[in-house]
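These are notes for a colleague who is opening this entry without having seen it before. The points go from the overall fold to single residues.

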Amino acid sequence: MASLVEVEPELLAKYSWRGRTIERHRARIRKRFGTRPATEDDEERLAQWLADKVCPIETNRDRLVEAVRERCRSARIEPPSSGQVERVVNSGCRRFEEAFAEQVMARLGPAPVHPPHRPAVPGGRCRRLAP
């Protein structure tokens with residue numbers, strides 16, 4: 001990472017990754033690249049986008065994670081943490097699966113109210129089924 005920002009590795013090791021300094025630096029980086037941090041609304045929209053557009057054609061979790069990251073890049077949203085992306089993917093998959101199940105159930109129609117007929121045995125009588 002030190003080579004990416006063109007600083008000595010020893011200096012990067014001393015950098016404070018918590019507190020006001022990092023927040024100020026993040027704000028400057030966001031401004032420079034025209035990005036913004038992800039909000040809860042963004043996560044909600046990403047999950048719904050996954051459910052509607054990506055999950056119907058992709059089931060591989062790694063590719064779903066990459067799709068979320070790419071969508072964030074294109075929307076100029078700061079890349080979410082791994083945990084946030086995992087929650088978005090889980091939510092998108094769950095939404096897709098629930099919608100899919102509802103569609104299948106709607107196509108199947110209502111469940112039969114009466115039990116199926118018992119198979120007949122020779123002699124015309126119905127055999128007793130074990131409880």
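1. Helices and strands here are DSSP runs, a helix having at least four residues and a strand at least two, numbered from the N terminus. The model is predicted. By that definition the protein chain has five helices and zero strands. The order along the sequence is therefore written α-α-α-α-α.

2. Some totals for the protein chain come next. Of its 131 residues, 21% are buried, where buried means under 20% relative accessible area. The accessible surface amounts to about 11000 Å², and carbon and sulfur atoms account for 55% of that. Taking contacts between residues at least 6 apart in sequence, 50% join residues at least 24 apart.

3. The largest nonpolar core consists of 16 residues. Within this core, the most contacts belong to Leu-50, Val-54, Leu-64, Val-68, Val-88 and Val-89. Two or more residues of the core come from each of α3, α4 and α5. As a general point, nonpolar side chains tend to be buried together in soluble globular proteins.

4. Val-89 shows how the core residues meet. With neighbours within four places in sequence set aside, Val-89 is in contact with Leu-50, Arg-61, Leu-64, Val-65 and Val-68. Leu-50, Leu-64 and Val-68 in that list are also among the core residues with the most contacts.

5. Ser-91 is another residue of helix α5. Is Ser-91 buried or exposed? Its relative accessibility is 11%, so Ser-91 counts as buried. Ser-91 and Leu-50 are 41 residues apart in sequence, yet their C-alpha atoms are 8.7 Å apart in space.

6. Phe-100, Val-104, Met-105 and Leu-108 make a nonpolar surface patch of about 420 Å². One of them, Val-104, is placed in helix α5. Val-104 has a relative accessible area of 34% and is therefore partly exposed, since that class lies between buried, under 20%, and exposed, over 50%.

7. There are nine salt bridges in the structure. One of these joins the side chains of Arg-30 and Glu-78, at 2.4 Å from N to O. Arg-30 belongs to helix α2, residues 20–33, and Glu-78 to the loop between α4 and α5, so the pair ties together parts 48 residues apart in sequence. Arg-30 is buried, at 17% relative accessible area, while Glu-78 is partly exposed, at 23%.

8. A second pair is Asp-42 with Arg-36, whose side chains meet in a salt bridge of 2.6 Å, N to O. Arg-36 is partly exposed, with a relative accessible area of 34%. How many residues are in the salt-bridge network that links Arg-36 and Asp-42? The network is made of Arg-36, Asp-42 and Arg-45.

9. Glu-66 and Arg-73 form a further salt bridge, with their closest N and O atoms 2.9 Å apart. Both ends are partly exposed: Glu-66 has a relative accessible area of 41%, and Arg-73 has 44%. In general terms, side chains of opposite charge can pair when their charged atoms come close.

10. The last point concerns the backbone at Arg-76. Most residues other than glycine have a negative phi. Arg-76 is not glycine, but its phi is positive, near 60°. The residue lies in the loop between α4 and α5, the loop that also holds Glu-78. Arg-76 counts as partly exposed, with 45% relative accessibility.

Notes:
Residues numbered from 1 in each chain as written. Predicted model: local features only at pLDDT ≥ 70, side-chain atom pairs only at ≥ 80, totals over all residues. Heavy atoms only, no water. Core = buried A, V, L, I, M, F, W, Y, C linked by side-chain atoms within 4.5 Å. Buried < 20%, exposed > 50% of the residue type's maximum accessible area, 1.4 Å probe, protein only. Contact = heavy atoms within 4.5 Å. Patch = residues over 30% accessible without salt bridge, like charges linked within 9 Å, V, L, I, M, F, W, Y side chains within 5 Å. Areas by Shrake-Rupley, 256 points an atom, 1.4 Å probe, with all protein chains shown as cover. Salt bridge = Lys/Arg side-chain N within 4 Å of Asp/Glu carboxyl O.
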